[in-house]
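This briefing is intended for a reader with the sequence and the coordinates at hand. Please consult both while working through the topics below.

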Amino acid sequence: RGFTWHDLSAGRSIAMVDVPGHERLVRTMVAGASGMDAVLLCVSASEGVMPQTREHLDILGLLGVQQGIVVLTMTDLVDDEMIELARLDVEEATCGTFLEGAPVIATAAGASPAGLDALRDALADLPRPERAASGPFRLPADRAFVRRGFGTVVTGTVRGAALADGDEVEVLPQGLRTRIRGIEVHGESSATALPGQRAALNLAGVERDDLHRGSVVMHPGVARPASILDLAYRHLGAAPLVADGTRARLLVGTAEVMCVVSVIDPEADALEPGWSGFIQLRTDTPVVALPGDRFVLRRASPVETLGGGTVLDPWSPRVRRRDRARAHAELARLANGDASVRLLRAGDAGLTPAELRVRGVPGGIALGDRRVHPARVERLESLLLAALATHHDDHPLSPGASKRGLHRPPLGHLSAAAYDDLLTRLVQDGRIVLAGPRIKLAGFSVDLDEDHQARTRSLVGRIRDAGLEGPKAATILEAEPELTLLLLDQGEIVRIRDHLLHREALDRLRRMVVEHLAAQGELGTADFKALTGLSRRHAIPLLEWLDAQRVTVRDGDTRRAWGA
């Protein structure tokens with residue numbers, strides 16, 4: 001297979017890839033034809049349409065080529081009647097294909113060239129392709145070689161966005177990071193390579209043996225190789241029946257890999273002639289593909305073209321037989337342009353902003369640094385609300401569940417940031433109440449029966465009677481854990497280090513200290529012990545509590561009023 005270019009009128013230039021016609025070189029033909037805007041289908045006037053010509057037409061249609069010209073070659077070797085028969089043969093072969101009605105130009109390249117001017121005019125009349133610089137830059141490599149004085153060079157057709165000389169790139173699926181140190185377009189150095197152009201890229205620090213047909217040069221971190229792909233597929237009418245689970249050859253971009261075919265159809269177990277639908281391919285080795293890429297499927301042995309179509313999801317989970325109906329519905333939505341299915345399939349982990357762009361997914365709900373499908377977020381919210389409801393049922397005296405305690409299965413797989421954002425959404429919607437380290441359902445309140453009320457009065461009385469010394473917190477929590485937590489949450493009792501004190505005792509202490517400071521200006525530890533009658537063991541925690549409450553501020557060995 002060779003490559004050249006030709007300058008047309010009005011400054012327009014076209015790149016040409018000469019792909020082989022022999023049936024044993026169809027994989028090379030597919031590698032060269034991928035990304036073409038138009039085709040020159042060459043048919044010998046002396047031989048007419050060959051079987052491989054028909055296969056090439058099928059493949060070009062599967063690859064999405066939509067325009068072209070038919071060229072009758074070697075017309076100087078046959079008479080007019082043979083030329084006319086060749087024309088009729090071409091018309092019959094192209095009927096129903098994208099080349100139906102295309103110009104058929106008779107040419108001769110011998111001693112008396114003929115038809116070449118007409119061919120140039122027909123090329124100039126082809127509509128200029130519209131190529132939007134959408135998606136990431138990609139160059140599927142169809143050739144790699146070493147140029148003396150430059151190093152390793154790869155060639156291919158540019159897809160997606162533009163590439164600039166000096167850009168950092170990655171070679172996939174190998175995962176090699178490198179830099180562009182030279183670009184040639186149509187044999188001339190260029191600062192950029194644009195979508196649709198044939199380009200040669202000089203890769204810094206990459207060995208020729210590191211590359212192979214099927215390697216893809218991309219900007220770093222944009223995509224990852226895939227081994228499971230979901231596809232929209234058309235089985236050729238002349239192709240044999242292919243059973244579910246059959247091994248085949250996948251040709252996508254410039255890669256060719258072996259794969260296993262699975263039919264994603266609740267009512268089908270085989271690819272029948274003329275069938276169209278969805279399939280999943282599991283490849284032996286990873287390939288690089290993006291949504292919208294065209295592919296061809298060929299039989300493993302004997303080698304023949306089976307069909308082809310469009311990549312829908314190259315990041316698919318494996319589809320089991322029991323999941324076929326759901327997967328079929330998802331792929332039908334994808335085929336109709338609903339790219340949000342790819343976000344749905346990403347699960348609770350969601351996608352990063354870069355992944356969203358590559359997969360063409362709009363929107364999503366922010367949880368942490370990722371975007372998650374609304375249906376997935378709704379499910380996560382339901383799980384959290386259900387966990388809270390269960391906590392309230394199991395612990396009716398608890399003022400709420402521990403915020404961090406609920407960050408466990410079925411929500412434990414969420415990152416801390418995603419979990420916090422989930423809580424924030426529910427708080428903003430008014431469905432939960434977040435109070436410090438605890439959360440509760442909106443509208444939930446503790447309802448004490450007569451027995452609980454009596455136990456609460458006894459517990460409060462015990463703590464109140466202990467005054468500023470207070471009972472041991474561990475003892476009280478062991479005896480009445482839920483009622484104690486409830487009183488702490490309501491603020492009726494306060495935990496200071498290892499002891500529980502009633503709020504009334506602390507309020508009296510605050511007033512005594514404020515009055516003492518107003519009269520004396522400072523408060524020493526000995527003064528505090530004399531004022532309260534407490535030992536040092538109980539006095540020090542209370543002094544630190546007064547500091548924390550901004551009643552006092554420590555000044556050396558004494559304390560003074562806050563702000564004084």
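Which residue forms a salt bridge with Asp420? The partner is Arg404, the closest N and O atoms being 3.0 Å apart. The model is predicted, so local features need pLDDT of at least 70 and side-chain atom pairs count only at pLDDT 80 or more, while totals for chains, interfaces and linings use all residues. Residues are numbered from 1 along each chain as its sequence is written, and side-chain values use heavy atoms, with hydrogens and water left out.

**Salt bridges**

- A salt bridge is a side-chain nitrogen of Lys or Arg within 4 Å of a carboxyl oxygen of Asp or Glu; the whole structure contains 34 salt bridges.
- Asp420 belongs to helix α9 (residues 416-428) and Arg404 to the loop between β26 (401-402) and α9, so their pair ties together parts that are 16 residues apart in sequence. Helices (H or I, at least four residues) and strands (E, at least two) are DSSP runs, numbered from the N terminus.
- Asp420 is partly exposed, with a relative accessible area of 26%, and Arg404 is partly exposed at 43%. Buried means under 20% relative accessible area, exposed means over 50%, and partly exposed lies in between (1.4 Å probe, protein chains only).
- Glu184 and Arg147 meet through their side chains in a salt bridge (3.0 Å, N to O). Because Glu184 lies in strand β11 (residues 176-185) and Arg147 in strand β7 (residues 143-147), this pair ties together parts that are 37 residues apart in sequence.
- Glu184 counts as partly exposed at 24% relative accessibility, and Arg147 is also partly exposed, with a relative accessible area of 30%.
- Asp429 forms a salt bridge with Arg431, with the closest N and O atoms 3.3 Å apart. Asp429 is partly exposed at 47% relative accessibility, and Arg431 is partly exposed at 33%.
- A network of salt bridges links Asp230, Asp313, Asp323, Arg326, Glu330 and Arg345.

**Helices α13 and α15**

- The axes of helix α13 (residues 503-520) and helix α15 (residues 536-548) come within 12 Å and cross at roughly 75 degrees. Axes are lines fitted to C-alpha atoms, for helices over the stretch in contact, and angles run from 0 to 180 degrees between N-to-C directions.
- α13 and α15 are therefore roughly perpendicular to each other; angles from 65 to 115 degrees count as roughly perpendicular, under 35 as roughly parallel, over 145 as roughly antiparallel and the rest as oblique.
- On the α13 side, Arg503, Leu506, Leu509, Arg510 and Val513 meet Leu542, Trp545 and Leu546 of α15, where contact means heavy atoms within 4.5 Å.
- The residues of this contact divide into six nonpolar, no polar and two charged. Ala, Val, Leu, Ile, Met, Phe, Trp, Tyr, Cys and Pro count as nonpolar, Asp, Glu, Lys and Arg as charged, and the others, Gly among them, as polar.

**Two buried residues**

- Leu542, in helix α15, counts as buried at 2% relative accessibility.
- Not counting residues up to four places away in sequence, Leu542 touches Leu468, Ile496, Leu501, Leu506, Leu509, Phe528 and Leu534. The C-alpha atoms of Leu542 and Arg497 are separated by 9.1 Å, although these residues are 45 residues apart along the chain.
- Ala199 lies in strand β14 (residues 198-203) and counts as buried at 4% relative accessibility.
- Leaving aside neighbours within four places in sequence, the contacts of Ala199 include Leu139, Val154, Glu184 and Val185.

**Strand pairing**

- Strand β18 (residues 247-252) and strand β22 (residues 294-299) pair in the antiparallel sense over five bridges, with Leu297 of β22 as the bridge partner of Leu250. Two strands pair if DSSP finds at least two bridges between them.
- β22 also pairs with strand β23 (residues 305-313), in the antiparallel sense and over five bridges; a hairpin of five residues joins β22 to β23.
- Three strands form an open sheet in the order β3-β4-β5, with parallel pairing. Its edge strands, β3 (39-44) and β5 (104-106), each pair on one side only.
- Strand β4 (residues 68-73) is joined to β5 by three bridges, and Leu72 has Ala106 in β5 as its bridge partner.
- Helix α3 (residues 80-94) packs on this sheet, touching β3, β4 and β5, and its direction makes about 150 degrees with that of β4.
- Helix α4 (residues 116-125) lies across β3, β4 and β5, running at about 170 degrees to β4.
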